[in-house]
Amino acid sequence: MDRTNDVSLRARIEELLIFKRSSGYKADGLAKILHRFINYAEEWEPGLTTVTKSVAEKWAAMSPYEAPANQCRRMGAVKELSKYLISIEIPAYVYPKQKVAPSSFTPYIFTDEELAKLFNACDNTKTPNLVRKDVVSLIFRMIYSCGLRASEALALTVQNVDLVQGTILIKDSKFGKERLLPVHDNLLKRMKTYHSNVLTFRGPDAPFFPNGRNGSYTTSGLYSIFRERLLAAGISHGGKGNGPRVHDLRHTFAVHSLRKAVKNGEDINSMLKYLSVYLGHSGVISSENYLRLTADIYPDIICKMEGQFDVIPDMEDTNETD
């Protein structure tokens, strides 16, 4: 059916966002970018009813000091809008497929020895606040052992953690994905002890990792604690932006999981699919990027990968290896 293109582009954006959210996506990031886009676009072409080539190309121009990944996100959001317009029979300009430049950032991958030192330092946190001591002792172990984003760990509530089934429920995460993660028996024992010490009298909606005011820690607050524990463990920090970061515990989990799978002779293609779901990635490509990291850090296992991949993929900035 041919649709008359007499509705404003701003209204079409709201249509798209309603559709995305009704399909189970949070779409907050998409909404933020598209609202910025339409405010920018209407300065150049008031009364827009579609995405034109001229305004799309102006929007695509990289700003001073902008990272390629951010430019890619901005263009990707507009491309999604254009595809939506085309799906409802409104002609729109679509960016041609572009190869994303490789990211210069390399995650910090902890060695087994460094992890042992870090967790020991966490267990020996000196603070009069016993709840904080218990939190610090567990939270970084959980981030590593379950491959969590820091924000996911901090968003956990008491009811998200099932100590009977040995699972944690991750809700409202990146890409709007919800996932149920099994935890290792050793970690589960620590979680049960932690629950008895800290959470016995807290309600189901209380933070699983409460701060001193019974609220939730901020990501910046958690990072400050992490820096303190790194120092106590004798692990050097390269300064802001150079890590190690809390998020590198997640990267380390992924690399160590692949290392173990390769050494055990498991099928890497199957492992990557499992890892992608466990980490909450939008697709398996992001998990494949960890193969390059694994091969770079543990060159002795490259020969064991032969026959499963013709080429071990390069690390690319896919908008997430996170």
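**Close-up views of a helix contact and salt bridges**

**View 1. Arg12 and Glu15 within helix H1.** Being three residues apart in helix H1, Glu15 and Arg12 are separated by about one helical turn, helices being DSSP runs (H or I, at least four residues) numbered from the N terminus. Their side chains meet in a salt bridge at 2.9 Å, N to O, a term that requires a side-chain nitrogen of Lys or Arg within 4 Å of a carboxyl oxygen of Asp or Glu. Arg12 is buried at 1% relative accessibility, whereas Glu15 is partly exposed at 27% (buried means under 20% relative accessible area, exposed over 50%, partly exposed in between, with a 1.4 Å probe and protein chains only). The model is predicted, so that local features need pLDDT of at least 70 and side-chain atom pairs count only at pLDDT 80 or more, while totals for chains, interfaces and linings use all residues. Residues are numbered from 1 along each chain as its sequence is written, and side-chain values use heavy atoms, without hydrogens and water.

**View 2. Arg21 with Asp28.** The side chains of Arg21 and Asp28 form a salt bridge at 3.5 Å, N to O. Arg21 is partly exposed at 39% relative accessibility, and Asp28 is likewise partly exposed, at 43%.

**View 3. Arg141 with Asp123.** The closest N and O atoms of this salt bridge are 2.8 Å apart. The pair links distant parts of the chain, with Arg141 in helix H6 (residues 130-146) and Asp123 in helix H5 (residues 112-123), 18 residues apart. Arg141 is buried at 10% relative accessibility, whereas Asp123 is partly exposed at 24%.

Note on methods: Helix = DSSP H or I, 4+ residues; strand = E, 2+ residues; numbered from the N terminus.
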